[in-house]
Amino acid sequence: GDIPKAIELAEQALRQQQVDSKNSNRQHDIYDTTLFLGKLFQSQRNYAQAESYVQQSFHHAAKKREEYVALSHLATIQRLQQNHVNAEHNYKAALTGLEENVGWKDGFTNHTSMELVKLYRETSREPKAIDTLHRMRKKLAQTFENDNDPRVVQLYGEEAEIQYALGNLTEASRLWNEVVNRLAGNSPVARKAFMKLVELQGDDDYDNSR
């Protein structure tokens, strides 16, 4: 889409909301618009502007969930700038806040935890990424009372990718098999895992590791 035009219209709307807020409570509208602008500038890789708008949205959050969603977005912008220390701190704070206020039924809790996994992978801290995935599996299985819930099972595939990258091919194979065995064959996640297993069968390193 035309992102510069979207930015122009959103900034125009924000100015009007700020004027209106002197006479009525437009906090929620301002929160939504500043967060939206942050995402638009992030997509343009204008991280300074993105960070500025997301920080504004954080200060206009009326509910705890909004506050932690904004904090998670801020962490992602920091991660994209390789500001890993602040990104990790903010992901963890957002995740704790989301867990306590809305729990794991809220998709943004899961999203934030996956973003933290990405950060650990990008900074070559695979053991922390795996620990985070294990914790997610446990929390989601408890929340949905089903070890075979697709949201739980797809995390086996996420861990398999990490184990494969580490050269742990037997463990990667075991995890992809878990996905194939637990999910319906027409599931995109199961199909992807099956294709990974087919590729693995042709991998000389895998044959040598068995």
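Helices (H or I, at least four residues) and strands (E, at least two) are DSSP runs, numbered from the N terminus. This is a predicted model in which local features need pLDDT of at least 70 and side-chain atom pairs count only at pLDDT 80 or more, while totals for chains, interfaces and linings use all residues. Residues are numbered from 1 along each chain as its sequence is written, and side-chain values use heavy atoms, with hydrogens and water left out.

**Overall architecture**

The protein chain holds 11 helices and zero strands. Its C-alpha atoms occupy a box of roughly 70 × 35 × 35 Å along the principal axes. Of its 210 residues, 42% are buried, where buried means under 20% relative accessible area, exposed over 50%, and partly exposed in between (1.4 Å probe, protein chains only). The chain exposes about 11,400 Å², of which carbon and sulfur atoms supply 46%; accessible areas come from the Shrake-Rupley method with a 1.4 Å probe, and for residues only the protein chains shown count as cover. Among contacts (heavy atoms within 4.5 Å) with a separation of 6 or more, 50% join residues 24 or more positions apart.

Helix H2 covers residues 27-43, and its 17 residues should span 24 Å at 1.5 Å a residue, which agrees with the 24 Å between its end C-alpha atoms. The expected span is 1.5 Å times one less than the number of residues. Buried residues of H2 include Ile 30, Tyr 31, Leu 37 and Phe 41. The buried residues of this helix pack against helix H1 (3-20), helix H3 (47-60) and H4. Just after H2, Arg 45 adopts a positive phi of about 60°.

Leaving aside residues up to four places away in sequence, Ser 72 touches Tyr 91, Ala 94, Phe 108, His 111 and Thr 112. With Thr 112, the side chain of Ser 72 also makes a polar contact of 2.9 Å. Such a contact is a pair of N or O atoms within 3.5 Å; within protein, one must be able to donate a hydrogen and the other to accept it, and residues adjacent in sequence count only if both atoms are side-chain atoms.

Val 198 belongs, with Phe 194 and Met 195, to a nonpolar surface patch having about 290 Å² of accessible area together. Patches are made of residues with over 30% relative accessible area and no salt bridge, like charges being joined within 9 Å and nonpolar side chains (Val, Leu, Ile, Met, Phe, Trp, Tyr) within 5 Å. A salt bridge is a side-chain nitrogen of Lys or Arg within 4 Å of a carboxyl oxygen of Asp or Glu.
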